[in-house]
Amino acid sequence: MIGNDLGRRLKKWGGTARRLKWKRTLTVRRYPVRKLHKIIQCSYVLLLTSSVLVAAPQDTVSEETLEFFQGQCASCHTIGGGRLGGPDLKGATDRREADWLARFIRDPQGVIESGDPYALKILSEANGVVMPTLAGIDAKLAEKLVNLIRVESALEKSHFEGMKFDDRALTDADIERGRSLFLGLTSFENGAPACASCHALAGLAGFGGGTLGPDLTSAYGRLEGRKALSAWLTSPPSAVMQPVFKGHSLESEEILGLVAAMKDAAESGIGETESSTLSFILSGIGLAAGLMVLFDGFWRKRFRSVRRTLVENS
Amino acid sequence: MVFHLDKCIGCHTCSVACKNVWTDREGTDYMWWNNVETKPGTGYPTKWEDQDSYKGGWVTDGEDLELRSTSKSKIIPNIFHNPAQPSMDDYYEPWTYKYEDLFNAPEGDDQPTARPVSMVTGEHIDVEAGPNWDDDLSGSEVYAKNDVNMDGLNQEQRAQMMAIERLAFFYLPRICNHCLNPSCVAACPSGALYKRGEDGIVLLNQDRCRAWRSCIPACPYKKTYFNWSTGKSEKCILCFPRLETGQAPACFHSCVGRIRYISNLLYDADKIRELALLPDDQLVEAQREMILDPHDPAVIEAAKKNGVHDGIIRTAQKSPVYKFLKEWKLALPLHVEYRTFPMLFYVPPLLPVMSSTQGDVVRNEVDELFGDIEKARAPIEYLGKMFTGGNLGKLRYALRKQLAVRIWRRFVTVGDISEDKAKAALAEADCTPEAADEIYRLSALATFDDRFVIPPFQREMAIEMLEDPHDHRSITGFGSRMAPKRS
């Protein structure tokens with residue numbers, strides 16, 4: 001449902017942009033080739049306009065920026081929809097100056113490490129979850145994003161008030177389905193890789209999952225609940241996960257299941273499965289020893305040193 | 001080839017001659033193309049006769065002849081490693097001494113010593129084994145006791161062989177047997193090993209050897225060796241450069257006991273497969289059957305038809321090997337049950353019991369001067385396991401005939417045995433006085449030319465047996481074996 005909804009919303013932007021007199025680079029492509037001269041004219045006009053607009057704060061937002069925000073930011077931030085993983089950005093441009101925001105967007109980790117007090121404050125509000133550095137971010141894009149926040153904050157009803165999630169009560173069946181998806185026993189509809197290939201989760205069978213990514217046992221708690229986690233899973237924004245999940249977004253039912261499984265894990269009281277590494281190593285050693293015993297039995301007639309055996313047995 | 005074991009004194013001169021001529025290079029330092037073993041003993045490499053470990057030679061179920069070491073299916077899993085190879089320790093780690101320490105050591109209270117260093121690693125080693133480590137029954141409790149040929153003996157016989165004052169041993173010099181059915185050649189995946197058409201010498205082409213090491217487990221006598229420096233296998237070449245110039249191989253030439261005889265034989269190679277399928281105890285007879293009578297006109301005619309040169313037929317007729325092997329039936333192949341049909345034959349040692357001590361009293365065990373072969377110190381079963389594939393009849397025949405010749409010669413030279421008795425002994429041993437004299441002459445008095453009847457090799461004609469030189473006339477250059485290279 002979320003996926004389909006998102007699709008519709010993305011399509012609607014065309015209309016919105018026209019209403020707002022946004023720069024329409026994408027719609028240009030819709031013109032048939034025979035109207036090429038028109039396109040050139042149009043582009044020319046737009047080019048002039050944009051060059052005028054660079055100096056002053058813009059009140060238009062390009063469709064790429066919108067898409068970028070939807071893809072990279074919306075899974076943690078709303079504009080006027082309340083807190084998810086990160087703070088609600090409505091009025092952020094009033095709270096902080098544009099420069100600071102652009103700087104933070106470009107390098108969140110750097111700003112936090114510089115000891116900036118406001119950055120530390122929002123870090124503590126986010127339970128210590130540092131905003132990931134966005135893939136493909138640069139100064140120009142950061143500026144555009146700040147502009148987007150400003151424009152969207154000014155709207156009475158922003159486009160990023162937050163996605164609508166099914167908030168029905170989570171059942172045991174959801175937990176079961178979520179675990180099955182997490183472990184890869186059930187495949188994701190759109191071909192995303194199973195979570196367990198990189199992440200561990202307490203209470204799961206076997207070794208609890210992979211160790212490439214962080215342990216997700218406390219993820220539910222860290223992201224402050226269902227809504228934020230659901231939003232996060234809609235399009236995972238981290239630099240590692242984004243390319244992996246591009247074109248393989250999760251269905252809303254799948255997200256519901258995963259959220260249920262992760263909530264269950266967080267509430268189960270089992271700590272993060274640090275012992276899984278140890279048990280993995282020990283099981284490996286055990287298995288190797290077992291195989292050696294097996295091979296030794298299988299090739300018991302193999303050639304051994306003749307002379308040494310003879311001397312030692314005498 | 002015949003080695004007369006009753007004459008071997010175990011001096012290792014043959015081994016040293018061979019080592020000096022062929023294997024004093026790096027990588028060959030552990031090889032002894034010729035070695036002399038003490039029997040009972042485990043030999044070199046240790047327990048080479050134990051084919052359960054080393055998987056040498058052929059096995060047959062009566063219908064098919066197969067290599068024990070490899071087959072088409074076994075070659076895939078073992079393609080990079082032949083598991084049944086003797087390790088360096090099974091041969092021995094070759095060593096030398098740091099002689100310069102004797103001169104360069106600082107002044108001190110102790111005599112300087114030359115410590116042994118490995119010729120492979122250059123590090124100090126404690127010498128634990130050598131190519132004749134169990135020489136003269138040294139370490140017999142460890143080595144001689146584990147002689148594979150004693151497997152068939154009962155406890156009493158074993159005890160007898162090991163008993164103090166009754167110890168029996170003899171020497172067994174070994175070189176490559178240049179077998180008629182060589183398993184090393186059959187096992188070689190790169191076709192580097194071949195049996196030379198004109199003289200039957202088994203050679204290993206150094207250019208074609210690809211270090212698969214299949215020959216090493218395959219040879220039941222462990223007479224192919226891997227050169228760890230060049231990465232190629234090497235083996236006895238029967239000193240073919242010497243043979244081609246009419247000289248006996250170095251080990252034959254240098255033999256102090258004059259135990260070695262070499263000449264050529266005519267044989268029927270088409271029978272090899274059929275005869276190799278026979279049971280163990282029939283193999284000695286089978287091999288003798290394969291060797292043809294060089295005086296038989298039909299054989300001579302067939303040989304000539306096959307391009308065998310007159311000179312080769314002439315030496316085959318004068319061959320001492322033929323006499324020992326077929327006329328007198330004294331010579332026996334070593335471990336014929338490996339089914340490679342070795343072309344080196346051994347005259348088994350007599351080892352009669354002369355006397356024994358009981359307390360301080362030395363007393364004759366038998367009434368007769370030469371005793372009885374049944375009471376010989378080495379149990380006949382032991383020799384049978386080595387030389388006749390368990391066929392004790394063949395072995396008794398050879399021993400009895402040797403004994404009869406001694407009795408006969410005692411009658412001729414000393415005369416304290418009556419003529420009747422001597423003739424009766426000869427008759428019992430299927431021997432005539434003339435044959436006995438000839439055996440005596442070839443065993444005891446044989447000159448260089450009697451022992452070494454070397455055929456004219458005539459390489460240029462030998463080549464014609466295999467290929468037509470005219471085919472190559474236009475395609476070979478002169479002077480170099482390989483195409484000249486530009487640097």
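## Helix α10 of chain A

Helix α10 of chain A comprises the 12 residues 172-183; at 1.5 Å a residue it should span 16 Å, and its end C-alpha atoms lie 17 Å apart, which agrees. The model described here is predicted.

Several residues of α10(A) are buried, namely A:Asp174, A:Arg177, A:Gly178, A:Arg179, A:Leu181 and A:Phe182. The cover over these buried residues includes helix α14 of chain A, residues 252-267. After α10(A) comes A:Gly184, with a positive phi near 85°.

## A four-stranded sheet in chain B

Chain B contains an open sheet of four strands, arranged in the order β12-β1-β16-β15 with mixed pairing. Strands β12 (260-261) and β15 (332-333) of chain B are at the edges; each has a single partner strand, so one side of each lacks a neighbour in the sheet.

Strand β1 of chain B, residues 2-4, runs antiparallel to β12(B), and two bridges join them. In one pairing of residues, B:Phe3 has B:Arg260 of β12(B) as its bridge partner.

## The helix across the sheet

Helix α15 of chain B, formed by residues 320-327, lies across β1, β12 and β16 of that chain. Relative to β16(B), which covers residues 345-347, helix α15(B) runs at about 70°.

## Contact between the chains

Chain B supplies 15 residues to the contact, and chain A supplies nine residues. On the side of chain B that touches chain A, five residues are nonpolar, five are polar and five are charged.

Definitions and conventions
Residues numbered from 1 in each chain as written. Chains lettered and ligands numbered in written order. Predicted model: local features only at pLDDT ≥ 70, side-chain atom pairs only at ≥ 80, totals over all residues. Pairing = 2+ DSSP bridges. Contact = placed C-beta atoms within 7 Å. Axes fitted to C-alpha atoms, helices over the stretch in contact; angles between N-to-C directions. Expected span 1.5 Å × (residues − 1). Buried ≥ 20, exposed ≤ 12 C-beta atoms within 10 Å, placed from the backbone. Nonpolar A, V, L, I, M, F, W, Y, C, P; charged D, E, K, R; others polar.
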